[in-house]
Amino acid sequence: MSVKAMTAAQVARKVIDNEPLFILDVRNGDAFADWKIEGGNIQYLNIPYFDLLDGVEEVIDQLPKDRDILVVCAKEGSSIMVADMLADEGVETAYLSGGMKAWSEHLEPVKVGDLNDGGELYQFVRIGKGCLSYMAISGVEAAVIDATRMTDVFLNFAQEKGAQIKHVFDSHLHADHISGGRKIAQATGATYYLPPADAEEVVFEYTPLEGGFEAVVGSSKVEALYSPGHTIGSTSFIVDDQYLMTGDILFIDSIGRPDLAGLAEDWVGDLRESLYSRYQALANELSVLPAHFMIMDELNEDGSVAKKLGDLFNENHGLNIEDEQEFRDMVTKNLPPQPNAYEDIRKTNMGKITPENEMQREMEIGPNRCAVR
């Protein structure tokens, strides 16, 4: 019986379409507990590869016969071997091509809405990492917001759409993933924008992104709204008076953490001011488009992550804490662990270090940890 490879893109579609899948994850238990492929119709079994070296006979009875079985490991090698062993026993399985590293890097483009005069807005869902990037396309021009380091995805997508990338924005200096913004700008001749308050230590040239700035993209406009709190420079974007890109300030089910530069006590006031004053002054009908999601329940049926601002004011706990000290305690105490290698990721995004590609992949492995719930 032959063993098939299943790509990260195929797994992503199964997750988004809520199709049944059984995952035999052969990584060590701590790695599985920290981060795994998630979905509403996924069942799991975690048995470390080394526990299967003597055979898979005892595992077979724990495997379902009514759904696809996917064997998963970190890089794919161990999963191929286990899948082959199962095939020898007559059990049909597939393995995840490229392993969890490939899962971490997959971007799923999802159209989230229309712009002025036939333009389109796309969200790139990094489903294995929780990152969300954006491309606004109007006529033959495009703008990219919060791009990941998988820059070919954005370059190829713009080319397929017949658009030239003119503007590249980072809403803040990211600490949980490596930005592809500068690389995209260099490849296309686009202008790269970064909030200057976050850029005091960067070693490259950039165009300062200030609150009140407007960029024209074909028939559309992208307006910058200064919204500090996650970082001191955090900036949101309003596109065509319809969409609010919140960066890492506001998520669908949570709010941003203010501690990734070690300044939680200093920035918590800015965070509250952005959420409870600046955002309160905006139209409730704006569609909130964050730069991350934390849990799979935040995905809509089409795989997008978006919700009206007014709904979030009613439903998001982080927007409904009247007592300021209670709010301060929530976002400064009992925080989740820091993102993996976040200090080196910040240095990479400052241009201070340039790790090899494989090291960059290792630095980003793991779940999204930008939120406070």
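Predicted model: local features only at pLDDT ≥ 70, side-chain atom pairs only at ≥ 80, totals over all residues.
View 1. Residues are numbered from 1 along each chain as its sequence is written, and side-chain values use heavy atoms, with hydrogens and water left out. The protein chain holds twelve helices and 20 strands (DSSP runs numbered from the N terminus: H or I of at least four residues for helices, E of at least two for strands). Its radius of gyration is 21 Å, close to the 21 Å that the globule rule gives for 373 residues, so the chain is as compact as a globular protein of that length. (That radius is taken over C-alpha atoms, and the rule is 2.2 Å times the number of residues to the power 0.38.) Along the principal axes, the C-alpha trace of the protein chain spans about 65 × 50 × 40 Å.

View 2. S6 (residues 108–114) and S7 (residues 120–126) pair in the antiparallel sense over six bridges (strands pair if DSSP finds at least two bridges between them). Five residues sit between the two strands of this hairpin, and aspartate 117 in the turn has a positive phi of about 55°.

**View 3. A parallel open sheet of five strands.** Follow the order S1-S5-S4-S2-S3; the pairing is parallel. Strand S1 (4–6) and strand S3 (42–46) are the edge strands, each pairing on one side only. On average, neighbouring strands of this sheet are turned by 30° against each other, direction ignored (axes are lines fitted to C-alpha atoms, for helices over the stretch in contact, and angles run from 0 to 180 degrees between N-to-C directions). S2 (residues 21–25) runs parallel to S4 (residues 68–72), with five bridges joining them. Look for aspartate 25, whose bridge partner in S4 is valine 72.

View 4. Helix H4 (residues 77–88) lies across S2, S4 and S5, running at about 140° to S4.

**View 5. A mixed open sheet of six strands.** The order here is S13-S14-S15-S16-S18-S19, and the pairing is mixed. Strand S13 (214–217) and strand S19 (307–308) stand at the edges with a single partner strand each, so one side of each has no neighbour in the sheet. S13 and S14 (residues 220–226) pair in the antiparallel sense over four bridges, and alanine 215 has valine 222 of S14 as its bridge partner.

**View 6. Helices H6 and H7 cross.** The axes of H6 (residues 151–160) and H7 (residues 181–188) come within 9 Å and cross at roughly 40°. The two helices are therefore oblique to each other (under 35 degrees counts as roughly parallel, over 145 as roughly antiparallel, 65 to 115 as roughly perpendicular and the rest as oblique). Thr151, Phe154 and Leu155 of H6 meet Lys183, Ile184, Ala187 and Thr188 of H7 in the contact (heavy atoms within 4.5 Å).
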